[in-house]
Structures are given as structure tokens and as C-alpha cells.
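Visitor: Could you walk me through this one?
Guide: Happy to; let's bring it up.

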Amino acid sequence: MNELQSRKDAALAAITAADTPEAVEALRIEALGKQGWISQLLKTLGGMSPEERQSQAPAIQSARAEVADAIAARKDALEAAELDRRLANETLDLSLPAPDAPRGSVHPVSQVMDELAEIFADLGFSVATGPEIEDDWHNFTALNMAETHPARAMHDTFYFPDRDEAGNRMLLRTHTSPVQIRAMAKQGAPIRIIAPGRVYRSDSDATHTPMFHQVEGLVIDRDIHLGHLKWTLETFLKAFFERDDIVLRLRPSYFPFTEPSVEVDVGWQDVDGRRVLGGDGDAPGHGWMELLGSGMVNRKVLEFAGLDPDEWQGFAWGLGVDRLAMLKYGMDDLRAFFDGDGRWLAHYGFSAFDQPTLSGGVGARA
């Protein structure tokens with residue numbers, strides 16, 4: 001027992017003299033760790049007789065408690081001393097600006113969606129939405145797309161194994177055109193809407209992804225013609241690209257949901273290796289770029305939507321939101337839009353305060 005008293009006194013003296021938290025921790029391990037000398041003494045109690053344990057256990061337990069209390073007290077004292085030192089020596093200059101806090105970025109697609117809504121709201125359009133999980137009737141049949149149309153093939157469209165209550169096949173919508181059908185059936189005519197949102201097709205490369213964003217427009221009224229369509233698109237593109245020299249070329253084409261149908265090309269030129277929209281595509285050094293498809297709404301589509309084609313007519317158009325962002329802000333790979341790379345978002349993203357306004361410029365960046 002004299003040896004126990006001597007070791008305990010030596011440990012308490014060392015703890016009192018320890019001047020760093022690391023030194024205190026080393027003494028704790030030496031005495032109370034798994035291989036510490038007090039821990040080893042406690043283990044020897046198991047091999048003693050009841051009489052021996054009764055006589056020696058209290059002293060060992062008392063030594064353990066005293067050492068543990070001394071270690072805790074010394075740690076508290078050292079931490080308090082360190083805090084006092086820091087308070088005495090460290091200062092905070094309250095006149096300095098606060099450090100920048102981490103900020104997120106508004107994705108270019110979200111920014112362009114807001115820009116589209118701002119421009120078309122000024123033209124009298126409202127924003128319409130619809131389900132991304134669609135039925136075959138709204139996605140294809142009501143848009144005058146025959147059963148043999150290539151878009152209905154499994155290699156182009158993501159189908160679900162189940163059907164709805166009416167027996168229609170369910171799928172991920174391939175365009176936002178079903179929103180037009182639903183809007184016409186619900187609201188009737190006249191109607192002026194844009195339908196932005198996610199769409200899905202089985203395609204993937206540098207300019208295509210299985211999920212992308214599309215915006216479509218629809219105008220239904222009396223005495224609507226292609227001249228209204230061209231003016232609307234010209235006005236939109238001039239406001240979106242913030243250029244007055246946007247020139248369009250309409251080429252005859254075919255779409256099952258419009259008749260007549262036109263592809264819309266826009267003039268562009270190469271500026272420092274980047275395609276910049278603007279100018280006549282037939283001018284020297286310029287060219288034409290196909291940008292979107294459009295046309296007068298097919299009579300059958302109007303009938304499917306519950307409208308009388310002898311009373312109402314209109315135009316529709318559609319283009320990729322991601323492509324608009326790429327053309328306006330200079331991105332060259334669509335796949336980067338969905339990688340979630342913080343560096344890419346920091347470079348191309350927008351501040352939450354970059355709210356697009358027609359007066360301030362829909363693409364103005366803070």
C-alpha cells in the first residue's frame with residue numbers, strides 16, 4: 001500500500017506541473033489508460049480472495065478517483081488560461097467589412113426560364129404547366145401523331161409498364177405540347193400561353209441529354225396568321241438576346257401538329273470563335289442557324305382540344321431552353337448543365353439578385 005501511495009503522490013505532482021493539454025492527456029493514459037498502472041491494479045483484484053479485495057480495493061479505487069479528478073481539474077485550468085490569453089491578445093476590428101459568406105448560384109436554365117417569363121408576360125402571355133408523367137393520348141394522339149410515328153418507338157420514348165384507367169400507356173413526356181392540349185381543353189379560346197418545363201427523350205451526346213428543358217408557345221384567337229407568328233418570335237428573340245439586328249428566315253417544313261409548318265432560322269456570325277446571333281444570314285461572313293420549329297395549329301389538334309377550327313385558329317412554336325442558354329451565355333457542352341460541378345456553376349451561375357427585367361435588360365448580371 002505504501003507503493004500505491006507513492007505512485008499516486010507522484011502522479012498528482014506530475015499532473016499539477018503539466019503545462020499543456022497534451023502533457024495532461026499523456027499522464028491520463030499512463031495512469032488510467034487500458035495499460036495504465038491504476039488500470040492494471042484494478043485488474044489484479046479479480047485474482048484476489050474476498051478478504052484481500054475487501055482490504056485493498058478501497059485504496060485503489062480512491063487513488064483512481066483522485067487521479068481522475070486531478071486530471072479534469074488541470075484540463076479545465078489550462079483551457080481557462082488559454083482562453084484568458086486569447087482574450088487578452090486577440091482583437092476584432094469591427095470597422096472591417098464582414099467576410100463573404102458562401103453563396104449559391106442560380107442555374108443558367110432557371111435564369112433563362114425567368115427571362116422567358118418576363119419577356120412573354122410583357123407580350124400578354126401567361127405561363128402554363130402540366131404533369132411530366134403523361135398519357136399516350138395527350139402526348140401523341142391529341143397532337144395528331146399517328147400510331148406509326150417514330151417518336152412513339154421505345155428507343156425514343158421512356159414508357160412506364162402500367163397504363164391509366166382508360167388504358168392509355170403512361171410515359172415521361174417528350175415535349176411540353178401536352179400542356180397546350182390541357183390548357184385549350186380547360187380554358188378554351190382565346191388563349192396565349194408559354195409552356196416551359198422538363199422533357200425526356202432517349203438521347204445523349206454533347207448537344208442532347210435524356211432530360212432537357214423546353215419552352216413552347218401557343219396563341220389561339222380569330223384571324224391569326226403566320227405574320228403574327230413571325231412578329232412574336234422576332235420580338236421575343238430581340239428582347240432575349242438584347243439585339244435589334246435579329247433576322248429570321250422561315251422555311252417550309254412538316255410537323256403533324258401544325259399545318260402549314262415552318263422551321264425558323266436565325267442569322268449569325270462568328271465573333272472570336274463564338275457563334276453570335278444577329279445580322280442577315282445571307283450577308284458576307286454570316287450564316288443561318290436552325291433555331292426552332294413552328295407553324296399554324298393543325299385543325300385536328302384544335303378538334304382534339306374541343307375547339308371549333310372554323311372559328312378559331314392560331315400558331316405554336318417550341319425550342320430548347322438549354323440551347324437558348326448555350327447560345328446566349330457561351331456554353332459549348334449541354335452535359336455540363338447537369339453535372340452539378342460547383343466550379344461550373346460559380347462561373348456560369350447567376351446571383352439571386354439578378355432578377356431579369358425588361359427595363360434593366362433581361363440578361364443583366366450583377
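Guide: In helix 8, the buried residues are Leu 229, Thr 232, Leu 233, Phe 236, Leu 237, Phe 240 and Phe 241; buried means under 20% relative accessible area, with exposed over 50% and partly exposed in between (1.4 Å probe, protein chains only). Helices here are DSSP runs (H or I, at least four residues), strands likewise (E, at least two), numbered from the N terminus. Keep in mind that this is a predicted model, where local features need pLDDT of at least 70 and side-chain atom pairs pLDDT 80 or more, while totals for chains, interfaces and linings use all residues. Residues are numbered from 1 along each chain as its sequence is written, and side-chain values use heavy atoms, leaving out hydrogens and water.

Visitor: Within what arc do the buried residues of helix 8 fall, seen down its axis?
Guide: An α-helix has 3.6 residues a turn, so residues three or four places apart point the same way. The arc is taken from the directions from the helix axis to the C-beta atoms. The buried residues of helix 8 line one face, because they fall within an arc of 135 degrees.

Visitor: Which residue just after helix 8 takes a positive phi?
Guide: Helix 8 covers 226-241. Just after it, a positive phi of about 55 degrees is taken by Glu 242.

Visitor: Which residues does Leu 324 touch?
Guide: Contact means heavy atoms within 4.5 Å. Not counting residues up to four places away in sequence, Leu 324 touches Val 112, Leu 116, Phe 236, Phe 240, Phe 241 and Leu 319.

Visitor: How many residues are in the largest nonpolar core?
Guide: A nonpolar core is a set of buried Ala, Val, Leu, Ile, Met, Phe, Trp, Tyr and Cys residues joined through side-chain atoms within 4.5 Å. Val 112, Phe 236, Phe 241, Leu 277, Trp 317, Leu 324 and Phe 337 touch the most other members, in a core of 45 residues.

Visitor: And the other core that lies apart from it, how many residues has that?
Guide: Its members include Phe 140, Met 145, Tyr 159 and Ala 183. The count for this other core is 23 residues.

Visitor: Is His 107 buried or exposed?
Guide: His 107 sits in the loop between helix 4 (50-89) and helix 5 (108-122). Its relative accessibility is 19%, so His 107 counts as buried.

Visitor: Which residue's backbone oxygen lies 2.8 Å from a polar atom of the His 107 side chain?
Guide: Beyond its neighbours within four places in sequence, His 107 is in contact with Phe 337, Trp 344 and Leu 345. The backbone oxygen at 2.8 Å belongs to Phe 337.

Key:
Polar contact = N/O pair within 3.5 Å; in protein donor to acceptor, adjacent residues only side chain to side chain.
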